[in-house]
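Please look over the sequence and the structure shown here before reading on.

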4 protein chains.
Amino acid sequence: MTRPLRADAARNRARVLEVAYDTFAAEGLTVPIDEIARRAGVGAGTVYRHFPTKEALVVAVAEDRVRRIAERARTLLAVEGPGQALFVFFRDMVRSAAVDHGLVDALMSQGLDLEAVAPGVEAAFLSTLGDLLSAAQGAGTVRRDVDVAVVKALLVVCKVPQVFDSQVTERVTRVIEDGLTPVR
Amino acid sequence: MTRPLRADAARNRARVLEVAYDTFAAEGLTVPIDEIARRAGVGAGTVYRHFPTKEALVVAVAEDRVRRIAERARTLLAVEGPGQALFVFFRDMVRSAAVDHGLVDALMSQGLDLEAVAPGVEAAFLSTLGDLLSAAQGAGTVRRDVDVAVVKALLVVCKVPQVFDSQVTERVTRVIEDGLTPVR
Amino acid sequence: MTRPLRADAARNRARVLEVAYDTFAAEGLTVPIDEIARRAGVGAGTVYRHFPTKEALVVAVAEDRVRRIAERARTLLAVEGPGQALFVFFRDMVRSAAVDHGLVDALMSQGLDLEAVAPGVEAAFLSTLGDLLSAAQGAGTVRRDVDVAVVKALLVVCKVPQVFDSQVTERVTRVIEDGLTPVR
Amino acid sequence: MTRPLRADAARNRARVLEVAYDTFAAEGLTVPIDEIARRAGVGAGTVYRHFPTKEALVVAVAEDRVRRIAERARTLLAVEGPGQALFVFFRDMVRSAAVDHGLVDALMSQGLDLEAVAPGVEAAFLSTLGDLLSAAQGAGTVRRDVDVAVVKALLVVCKVPQVFDSQVTERVTRVIEDGLTPVR
DNA sequence: GATGAATGAGCTTTCATTCAT
DNA sequence: CATGAATGAAAGCTCATTCAT
């Protein structure tokens, strides 16, 4: 259906996506498309060729991020083992939260519904997250009465940016982790 | 310093503030001032007389909210008793989160720094919140290694809107409360 | 026709007129009426009671100035003698030019036509200026082929503000005076 | 540094500049940008692409005028000869003064400082004017104790618009020319 | 009479989107 | 295909003027 892009077109698309992520993350979604285009070294028209509206660009950025995050989660499951993977993943997320200002905006602030515009991506992410959760519950490191929806919510919660300095972030995360741990 | 407003002016100011809160909460901060003015039944100039910039209006709304929330917290301390006041307050906050979209935006998304523009209000709120926390710790219902900054962060976290349906919200809150509870 | 104002009303009118002159002279005609009112210590409504439009205020200021200038000219004729009065008057005008930014605006920039809105004042001024000119021509200090219109024009010219530093102003004035002097 | 504009862009830019000059000259600087755009047959955004603020447009117009005036002066020096070029130039300026309402506004009324925002242009103009002056002084038609600053001031002075009818303008100019002439 | 709050048209400026080059 | 100029619909904000207090 979608024919493979010409090499230069693919390069442009990737470049715009990367610049858009960096820019939205650092400065929020209000940055004009013209500015994204300028930083990517292309014309505004080129951005619109790949992403027909600004919202489409934002969604594409979010999709791309979620995909990478899921990948990271899969890696952790293999490397860290079932009992710790979820917790390490959690701390990973929190640590990168500071630069993901724009992603959080994209996920919640502006009324964007990722599930509606890119259902496959969301589902795939939840499936991977579910794997981490099951593994942890199997290993006895996470209580059994939470499900994947709760864990996802707690994740989003931990990405709320710039409200906490790192000291506080650390302790907030610990409280949430304790809440996740089975009764001791 | 600032003389009392004329009766009609005070009425208008209050009306604008209320309409602005409802509108920002429901539709976010991007709603034009003209629309706020229209809904409040005044001219745009009147809004600008009371709040010289849009940011000033947003800040005033946030201030007003924080003040009311602090008031509510004080009431709860008296009514619910030291052991439960903080938890009831927590659930209160969460329940109203759905309509506070705009308040959350104001507090964090747009780079507004309430502490910078209205230091007294923030401090007063933290002081009240500290009272609830101390009471709970005194009653043994909250662990002693959290401080007011952590509790405030968890509060903000619970107000992140529209990400959870109410089912999930309920369970997220429970996890956080468990995390706050002393080791069982 | 116009009944005498109550004492306080007259005081307010005079105060507004003075503040308006100072302000327009210093900052130009774009200063808002509200600001004039504030500086005069009255409400905006009071300004509008005395001067029904902003233009009316500007005209009143200009009238008032022209009247004072004519007065000054008459005094000089008596004090300085026929041969020198016009020249001294000239230098007087130039010296005060720096603060008369707004008066010049009023006279020419904004398409205001003082002659149309206040014919008597203009005529009275020209009559006095004519007296100075005749005196000088009688004394042989000014050439006979210039008339009052030319002298008035040269006066306005010399009030063009802020274009010259004082050094230059001095020399410009000398050139113009030499041009007025009969062939030597 | 700035790459050459595309053909259509250059056409639009020139058109806006010309319309802006005509309009400001005829009606003053208060004409809205939207009106300039309408008369130039372009959208308001196009004006802002070429001139990022209204002030930038005004400055560009003034620059353009000063440049043309300097060009005219150079031509006259070649055509009219050293003794008369300055005087012809003077009368040229005065004759066009009636339509340069806006230029004069731009140069002095609104506190715009051409020297500050476009130093090269001002300097180039003064240099050319100095050439005319030197030529005239060399030919003995202008007194030696005036310098270029005085002549520029007299020029500005002669451009003060609409204060004189043409009859008076003629005679004012003669007085100033006589003032410039060496003692007879 | 004086006050200053309210009005609302109008201004400058921005930016998502389209389209000629 | 890429470009970036053009568009034009808002947006935030100002201020001359009116009118309830």
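**Notes on the predicted model**

1. The surface near DNA strand F, sorted by class, is made up of 17 nonpolar, 12 polar and 11 charged residues, where Ala, Val, Leu, Ile, Met, Phe, Trp, Tyr, Cys and Pro count as nonpolar, Asp, Glu, Lys and Arg as charged, and the others, Gly among them, as polar. DNA strand F is surrounded by 40 residues, and the closest are Gly43(A), Gly45(A), Asn12(D), Val42(D) and Gly45(D); a residue is near a strand if its C-beta atom, placed from the backbone, lies within 6 Å of it.

2. This is a predicted model, in which local features need pLDDT of at least 70, side-chain atom pairs count only at pLDDT 80 or more, and totals for chains, interfaces and linings use all residues. Residues are numbered from 1 along each chain as its sequence is written, while chains are lettered from A and ligands numbered from 1 in the order in which they are written.

3. Chain A contains 10 helices and 0 strands, these being DSSP runs (helices H or I, at least four residues; strands E, at least two) numbered from the N terminus.

4. An unreviewed UniProt entry annotates residues 32-51 of chain A as "DNA-binding region", and such annotations may be inferred rather than shown by experiment. Over residues 32-51 of chain A, the chain is 75% helix and 0% strand, with the end C-alpha atoms 14 Å apart.

5. UniProt, again in an unreviewed entry, places "domain: HTH tetR-type" at residues 10-69 of chain A, and over residues 10-69 the chain is 82% helix and 0% strand, with its end C-alpha atoms 22 Å apart.
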